Amino acid sequence: MDKFRMIFQFFQSNQESFMNGICGIMALASTQMYSAFDFNCPCLPHYNLAYGLGILLVPPFILFLLGFVLNNNISMLAEEWRRPQGQRGKDPAVLRYMFCSMAQRAMIAPAVWVSVTLLDGKCITCAFCTSVPVETLGNASHPRLSQGEIQRVLARIPCKEIYNGQQLIANEVAIRYLRCISQALGWCFVLLMTTLAFLVRSLRPCFSQAAFLKSRYWSHYIDIERKLFDETCAEHARSFAKVCIQQFFEGMSTDLVAARCHLPRKAPANAGEATEKLLGITDQGTMNMALKSWHRCKPPLHLHPPALPTGNGWAGEGQPPMHPSAPRKETAAYYSWV
């Protein structure tokens with residue numbers, strides 16, 4: 001249990017670790033889905049190809065879209081791409097980094113599905129059973145069979161129980177031939193995906209390390225800023241609701257007192273603290289204006305110290321702040337008694 005707890009805490013440490021864990025779970029789920037899937041080839045000409053390629057390509061596409069849906073950054077990327085320019089510019093490099101990062105993670109489960117499917121060989125056997133070279137592997141001089149009849153016989157190769165073309169080509173020979181081709185394609189696909197992942201993960205930072213670090217930093221910043229903004233809005237909503245409820249009950253208590261129903265009243269314990277958290281935003285219109293302003297013109301990414309008040313507003317014994325003066329030159333005089 002301690003190991004599982006440590007793994008779970010690692011997945012929750014940051015956004016990338018969380019998404020890596022989600023992608024790993026989806027990859028395992030894709031293998032389990034394929035192992036539990038009941039593959040039934042129709043064994044009919046013009047249908048085998050559509051069914052085999054559909055099982056090979058359609059589920060990876062669904063898993064790819066599901067990887068984007070489960071990624072929390074997709075909404076953040078769309079929001080950052082569609083928001084107005086405002087006081088903060090939009091960096092296309094950061095948007096490209098976020099999209100590429102999501103695409104790489106979303107491709108893990110589809111790649112696993114395609115690899116497992118090709119290594120198993122059922123889809124390729126069903127899709128291309130009518131393309132088996134009968135001249136090489138079977139008896140091409142089989143009499144009294146037209147080209148259409150040969151296609152119908154070959155289409156039944158994946159269905160051993162209804163296959164009746166042993167005189168044309170042996171069922172085991174055709175299946176072994178197609179499965180070997182499928183496994184060769186599967187291992188080539190695994191090698192290609194591994195090579196591409198190695199090149200992307202290792203060589204990309206070597207050519208543009210500064211741009212890579214900048215894009216990665218600001219991508220993390222946008223994610224953290226969004227989380228902090230949501231937490232601040234939730235805290236403001238909680239304080240706003242608390243003050244509203246307290247004012248409602250205080251008004252009800254005042255009405256009951258006016259009706260000569262003397263009830264004990266106690267001052268709310270944290271009324272002042274809840275009011276301070278409102279930060280001066282105490283009505284619905286002002287809050288809506290603040291939310292629209294955050295969307296339309298986010299503050300620029302430039303930190304500056306707050307301006308110190310001068311004159312009567314200075315808090316330091318009525319004296320204005322002292323500006324650092326230029327360094328004075330000090331001279332030393334040496335006297336000697338002769």
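Residues are numbered from 1 along each chain as its sequence is written. Because the model is predicted, local features need pLDDT of at least 70 and side-chain atom pairs count only at pLDDT 80 or more, while totals for chains, interfaces and linings use all residues, and side-chain values use heavy atoms, with hydrogens and water left out.

Biologist: How many disulfides does the count come to?

Modeller: A disulfide is a covalent bond between the sulfur atoms of two cysteines. Here the test is a pair of cysteine sulfur atoms within 2.5 Å. By this rule, the count is two.

Biologist: Which residue is joined to C41 by a disulfide?

Modeller: C41 sits in the loop between helix 2 (15–36) and helix 3 (48–70), and its partner is in helix 7 (residues 122–127), 85 residues apart. Helices are DSSP runs (H or I, at least four residues), numbered from the N terminus. The link is right-handed, with 80° about the S-S bond. At an S to S distance of 2.1 Å, the partner is C126.

Biologist: Why does the pair of C43 and C159 tie together parts that are apart in sequence, and by how many residues?

Modeller: The S to S distance for C43 and C159 is 1.7 Å, and 85° about the S-S bond makes the link right-handed. C43 lies in the loop between helix 2 and helix 3, whereas C159 lies in the loop between helix 9 (147–154) and helix 10 (171–207), so the parts tied together are apart in sequence by 116 residues.

Biologist: Is C159 buried or exposed?

Modeller: Buried means under 20% relative accessible area, exposed over 50%, and partly exposed in between (1.4 Å probe, protein chains only). C43, its partner in the disulfide, has 3% and is buried. C159 has a relative accessibility of 10%, so C159 counts as buried.

Biologist: What is the volume of the largest pocket?

Modeller: On a 1 Å grid over the protein atoms alone, a pocket is an open set of points where a 1.4 Å probe fits, with protein on both sides within 12 Å along at least five of seven lines. Grid points are joined across faces, edges and corners, and the volume is the space filled by probe spheres set on the points. For the largest pocket, this gives about 630 Å³.

Biologist: Which helix gives the most to the lining of the largest pocket?

Modeller: Lining residues have an atom within 4 Å of a point. There are 20 of them here, and the closest to the centre are Q104, R105, I108, A197 and R201. With eight residues, the helix that gives the most is helix 10.

Biologist: How many residues of helix 10 line the second largest pocket?

Modeller: The second largest pocket has a volume of about 400 Å³. Its lining has 17 residues, with T125, P158, K160, I175 and R179 nearest the centre. Helix 10 gives the most to this lining, and its share is seven residues.

Key
Helices (H or I, at least four residues) and strands (E, at least two) are DSSP runs, numbered from the N terminus.
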